[in-house]
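I opened my notebook for this one and went through it step by step. Here is what I looked up, in the order I looked.

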Amino acid sequence: QVQLVESGGGLVQAGGSLTLSCAAPGLLFSSSDMGWFRQASGKEREFVAVISRSGTTTSYSGSVKGRFTISRDNAKNTVYLQMNNVQPVDAAVYYCAARRWPSASYDFWGLGTQVIVSS
């Protein structure tokens with residue numbers, strides 16, 4: 001079974017920064033757009049950000065644009081989510097996912113890493 005492994009979650013103060021990482025198997029990573037999603041307690045999972053296979057194209061949800069940055073290191077098969085000015089509304093379990101070309105859906109998911117924000 002393909003595994004995506006997130007790390008970097010934890011407790012952060014409001015206004016602080018945190019970087020999440022997600023490692024994926026090489027063959028999957030190189031052929032996939034990589035996305036970050038989150039799910040807050042009692043809410044549905046929502047899209048956060050995505051980066052293309054080449055790393056040249058990114059897209060963000062309106063709620064994180066300007067504060068979060070998605071990036072990838074294709075040599076390390078790892079995607080990152082740099083979270084700046086973290087707010088209490090950002091508290092959630094964060095998941096990374098892979099959308100392997102030519103699929104239009106995210107077919108591979110990690111187990112998630114929790115972000116807790118103290119105000």
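**Entry 1: a glycine to begin with**

Is Gly112 buried, exposed or partly exposed? I looked up its accessibility first, keeping in mind that this is a predicted model. Gly112 comes out at 24% relative accessibility, so I noted it as partly exposed. The cut-off matters here, because buried means under 20%.

I then checked where Gly112 sits, and found it in the loop between strand 10 (108-109) and strand 11. Leaving aside neighbours within four places in sequence, I listed its contacts as Glu6, Val93, Tyr94 and Tyr95.

**Entry 2: following Tyr94**

Tyr94 was on that contact list, and I turned to its own contacts next. Not counting residues up to four places away in sequence, Tyr94 touches Glu6, Leu20, Trp36, Phe37, Arg38, Val48, Phe68, Leu81, Met83, Gly112, Thr113 and Val115.

Which residues touch the most other members of the largest nonpolar core? I found Leu4, Trp36, Leu81 and Tyr94, in a core of 27 residues. I wrote down the elements that give two or more residues to this core: helix 1 (26-30), along with strand 3, strand 4 (32-39), strand 5 (46-51), strand 7, strand 8, strand 9 and strand 11 (113-118). Strand 9 gives the most, with 4 residues.

**Entry 3: the disulfide**

How many disulfides does a search of the whole structure find? I got 1. The bond joins Cys22 to Cys96, with an S to S distance of 1.8 Å. Cys22 belongs to strand 3 (residues 18-23) and Cys96 to strand 9 (residues 92-100), so the pair ties together parts that are 74 residues apart in sequence.

I checked the burial of both ends. Cys22 is buried at a relative accessible area of 0%, and Cys96 also counts as buried, with 0% relative accessibility.

**Entry 4: the sheet around strand 3**

With Cys22 placed in strand 3, I went through the pairings of that strand. Strand 1 (residues 5-7) runs antiparallel to strand 3 and is joined to it by 3 bridges. Within this pairing I noted Ser7 opposite Ser21, and Glu6 with Cys22 as its bridge partner. Glu6 was already in my notes as a contact of Gly112.

Strand 3 also pairs with strand 8 (residues 78-83), in the antiparallel sense, over 6 bridges. Here Leu20 stands opposite Leu81 in strand 8, and I had already listed both residues as contacts of Tyr94.

What is the order of the strands in this open sheet? I read 1-3-8-7, with antiparallel pairing across 4 strands. Strand 1 and strand 7 (68-73) are at the edges with a single partner strand each, so one side of each is left without a neighbour in the sheet. The twist averages 15 degrees from one strand to the next.

**Entry 5: strand 4 and its partners**

I moved on to strand 4, where 7 of the 8 residues are buried, and noted it as mostly covered. Strand 4 pairs with strand 9 in the antiparallel sense over 8 bridges. In that pairing Trp36 stands opposite Cys96, which brought me back to the disulfide between Cys22 and Cys96.

Strand 4 also runs antiparallel to strand 5, and 5 bridges join them. Phe37 stands opposite Phe47 in strand 5. The hairpin of strand 4 and strand 5 has 6 residues between the strands, and there I found Gly42 with a positive phi near 80 degrees.

**Entry 6: the whole chain**

Last, I stepped back to the chain. I counted 1 helix and 11 strands, in the pattern β-β-β-α-β-β-β-β-β-β-β-β along the sequence. The radius of gyration is 13 Å, close to the 14 Å that the globule rule gives for 119 residues, so the chain is as compact as a globular protein of that length. The C-alpha trace spans about 40 × 25 × 25 Å along its principal axes.

Of the 119 residues, 39% count as buried.

Terms used
Residues are numbered from 1 along each chain as its sequence is written. This is a predicted model: local features need pLDDT of at least 70, side-chain atom pairs count only at pLDDT 80 or more; totals for chains, interfaces and linings use all residues. Side-chain values use heavy atoms; hydrogens and water are left out. A disulfide is a pair of cysteine sulfur atoms within 2.5 Å. Buried means under 20% relative accessible area, exposed over 50%, partly exposed in between (1.4 Å probe, protein chains only). Two strands pair if DSSP finds at least two bridges between them. Axes are lines fitted to C-alpha atoms, for helices over the stretch in contact, and angles run from 0 to 180 degrees between N-to-C directions. A nonpolar core is a set of buried Ala, Val, Leu, Ile, Met, Phe, Trp, Tyr and Cys residues joined through side-chain atoms within 4.5 Å. Contact means heavy atoms within 4.5 Å. The radius of gyration is taken over C-alpha atoms; the globule rule is 2.2 Å times the number of residues to the power 0.38.
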